[in-house]
Amino acid sequence: MRAEWIIESLLRAAALASASVSVLIFAFMAYLGYPLVEKGQLGNLFTRPWLPDQGLYGIYPMIVGTLWIASLALLFGFPLSLGYAALIQLTTDRKNAFSRFLRKVAEIMTGIPTVVYGFVGIFLLVPFIRRWLGGGSGMCILSAALLLAVVISPTMILFFTDSFARVPREHLRAVDALGGRPAQKLLYVVLPRSLRGIGCGLVLAFGRAMGDTLIALMVAGNAVAVPGSVSDSARTLTAHIALVTAADFDSLEFRTLFACGLVLYFMTTLTVTTVGVLGRRGEARRP
Amino acid sequence: MNRTPPQTERPKITVEHLSFFYGGFRVLDDISTSFGEHRITAIVGPSGKGKSTLLTVFNRLWEDIPGVRMSGRVRIRFGDRWEDIYAPSCDLPALRRRVGMVFQTPNPLPMSIAKNVAFPLRLAGRRKPGEIARRVENALRAAFLWEEVKDRLDADATQLSGGQQQRLCIARALVLEPEVLLLDEPTSSLDTAAAGVIENLLIHLKRRCTILMVSHYLDQVHRVADRITELADGRLVERAA
C-alpha cells in the first residue's frame, strides 16, 4: 500500500512538472513579449509589414507563409500517405515480407534528420522547380511544401497503418469468408472504420508541418512579404524566429519573436485539442 | 477407418488424401471421405485438434495463416460439375460465395441490419435496389429473423442479441444462396433458448444446402445431424447418429 502511494505521488509530481513546463513557457513568452503591448504594438503585429528599419514589426506575412506551406504540404502528403498505408494493408493479406519492408521504410524515414531532406532538396528539387517555373531562384512555397510533404508523410503513414491494424480481425474474416477481394475489404470495411485515425493523423501531420523550421528556412526563400502564389518566396514563423535569433538578442525586433512564439503556441494547442476531441468522440461511439 | 457414407445419398464434397500441417505438426492425417448433399454432417472431437481447420479447408480460409501447409485433393460438385477447389483455375471469391461460413462468435459488420445482409451482394457487384431488398428479405426469412427485425432494418446490427446476431450472420451467408454452409460451433456463445432456435433453423436449411458443422455439444449433434464423425489424432472416425 505504502509503496504504491509513493509511486503514485512520484508519478503525479512528474506529470505536474512536465505539464507546468508548457504553462511556464507560455508565461515566459507573455512576460517577455509584454513591452510590445506597452508600446502599443500588439495590434500592429498582425497588420503591419515587417520593416524593422522603420520600426514596423508585423508578423502577418510569416503567419500567411506558415499556413500556405503547411496546408500545401498536407495536400501533397495526404494522398501519398493514404495510398502508401493502403498498400501496406493490401499486402499484409498475401505475404508479410513486402508489407513489413514498406513499414520499415516509413519508420526509417521518420528517423532521418530534417536537415538531410533540406540539403537534398536544395540540390535536387530547387533546381528542378527553378527550371519548371522558368525563372526565379526556385526557393519558393512550392519547393518547401513538396519537401515538407515528404517529411510529414511517414508520420501519417504510420498513424494510418496503426488505425487500419486496429480494425477487428473478425470483421476482416467476415469479409474474407463472404468472398470479398482485398481491395473491397479495404474500401468497405477498413477505411470506414479508420476515419477517426485518419483524421487524427492528418491533424498531427499539420501540426508537424507548422512546427518544422529547417525545410522552410532552407528552401522557401525567406522573403518577408505576403506571398501571392506558390511560386513566391515566403518565410514561416519558425524560420523567422531562427533567422532573427541568429542576428540579434535585445531589441524590439527580437521582442516580436515572442509574439511569433505565442502564435505558434496557439496553433499547436489548437491541433492537439482537435486530436483530443476527435479521439474522445471516437471512443464514445464505440459500444 | 474412414467409413464410406450410405449409398442412397449423393456426394457433394469429396476429400482425397487430405493432410494438414501447422508448422511441423500434423493436424489432419491422410483423410479421405465424402459428404452427402442436403445432409448435416457434424464434426465432433476434442478442442484444438483441427476441427475448425478442417472446415476452412472447404472455403480455403486457412490460406492467410502463415506457416500452414496442406496436401491432398478437395472437390465440390456445383450443379453437375465437380470442381477441384485447389486448382489454379478456381476463382476464390466465387468459391466463397458458394461455400458460406458462420463463425463461433457472431461477427456482424459495423453497419445496419439490412446492410449486413446486403453486404455479400455488394461484394458480388449486384446493385439493383429492388433485387437487393427482395434477397435480403428472403435471407432474413430463411434465417428465422425477419419477423424480429422487419421494422428496424436500418438499426445498427450490434444492437441485436447474441442469438439474433448469429442468425443475422447465417442470413448474410445465405443471401448468396450458397450450396454448402460451414458452421463453426455456431451456438457455443449462445444460451439454450437461442441455441434451440438455431438448431431448428439448421434442420430447415438442409433443404437448401449441404451443411458441415463443428460442435462440442453431443446432445445438439444428436438432435440435428444426419452423420456424426469424430476428428481424433488427425483422422475421422464415424459415430452413430
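1. In this predicted model, strand β9 (residues 227-232) of chain B is joined to β10(B) by five bridges, and the two strands run antiparallel. Within this pairing of strands, A232(B) is found opposite R235(B) of β10(B).

2. The pair belongs to an open sheet of six strands in chain B, whose order is β6-β7-β8-β3-β9-β10 and whose pairing is mixed. The edges are taken by β6 (99-102) and β10 (235-239) of chain B; each has a single partner strand, so one side of each is left without a neighbour in the sheet. From one strand to the next, the twist averages 20 degrees.

3. Helix α6(B) packs on this sheet and touches β6 and β7 (180-184) of chain B. The direction of α6(B) makes about 170 degrees with that of β6(B).

4. The packing of helices in chain B may be considered next. Two packed helices are described by the angle between their axes and the distance between the axes. For helix α6 (residues 162-174) and helix α7 (residues 192-205) of chain B, the angle is about 20 degrees and the axes are 9 Å apart. Because angles under 35 degrees count as roughly parallel, α6(B) is roughly parallel to α7(B). The crossing of α6(B) past α7(B) is right-handed.

5. The residues that make this helix contact can be listed. From α6(B) they are G162(B), G163(B), Q166(B), R167(B) and I170(B), and from α7(B) they are A194(B), V197(B), I198(B) and L201(B). By class, the contact of α6(B) with α7(B) comprises five nonpolar residues, three polar residues and one charged residue.

6. Apart from neighbours within four places in sequence, the residues in contact with E179(B) are F78(B), R98(B), C209(B) and T210(B). A133(B) lies 46 residues from E179(B) along the chain, and their C-alpha atoms are separated by 21 Å.

7. The contact between the chains draws 18 residues from chain B and 16 residues from chain A. On the side of chain B that touches chain A, the elements giving two or more residues are α2 (92-98) and α3 (113-123) of chain B. The most is given by α2(B), with four residues. The residues on this side of chain B divide into eleven nonpolar, four polar and three charged.

8. Chain A has 13 helices and two strands. Taken along the principal axes, the C-alpha atoms of chain A fill a box of roughly 75 × 70 × 30 Å. Chain A has 287 residues, of which 38% count as buried. Among the contacts in chain A with a separation of 6 or more, 72% are accounted for by residues 24 or more positions apart.

9. Helix α4 (residues 60-92) and helix α7 (residues 141-165) of chain A cross at roughly 40 degrees, and their axes come within 6 Å. These two helices, α4(A) and α7(A), are therefore oblique to each other. The passage of α4(A) across α7(A) is a right-handed crossing. By class, the contact of α4(A) with α7(A) has 22 nonpolar and five polar residues, with no charged residues.

Methods: Residues numbered from 1 in each chain as written. Chains lettered and ligands numbered in written order. Predicted model: local features only at pLDDT ≥ 70, side-chain atom pairs only at ≥ 80, totals over all residues. Axes fitted to C-alpha atoms, helices over the stretch in contact; angles between N-to-C directions. Parallel < 35°, antiparallel > 145°, perpendicular 65-115°, else oblique. Left-handed = near helix turned anticlockwise from the far one by under 90°. Contact = placed C-beta atoms within 7 Å. Nonpolar A, V, L, I, M, F, W, Y, C, P; charged D, E, K, R; others polar. Pairing = 2+ DSSP bridges. Buried ≥ 20, exposed ≤ 12 C-beta atoms within 10 Å, placed from the backbone.
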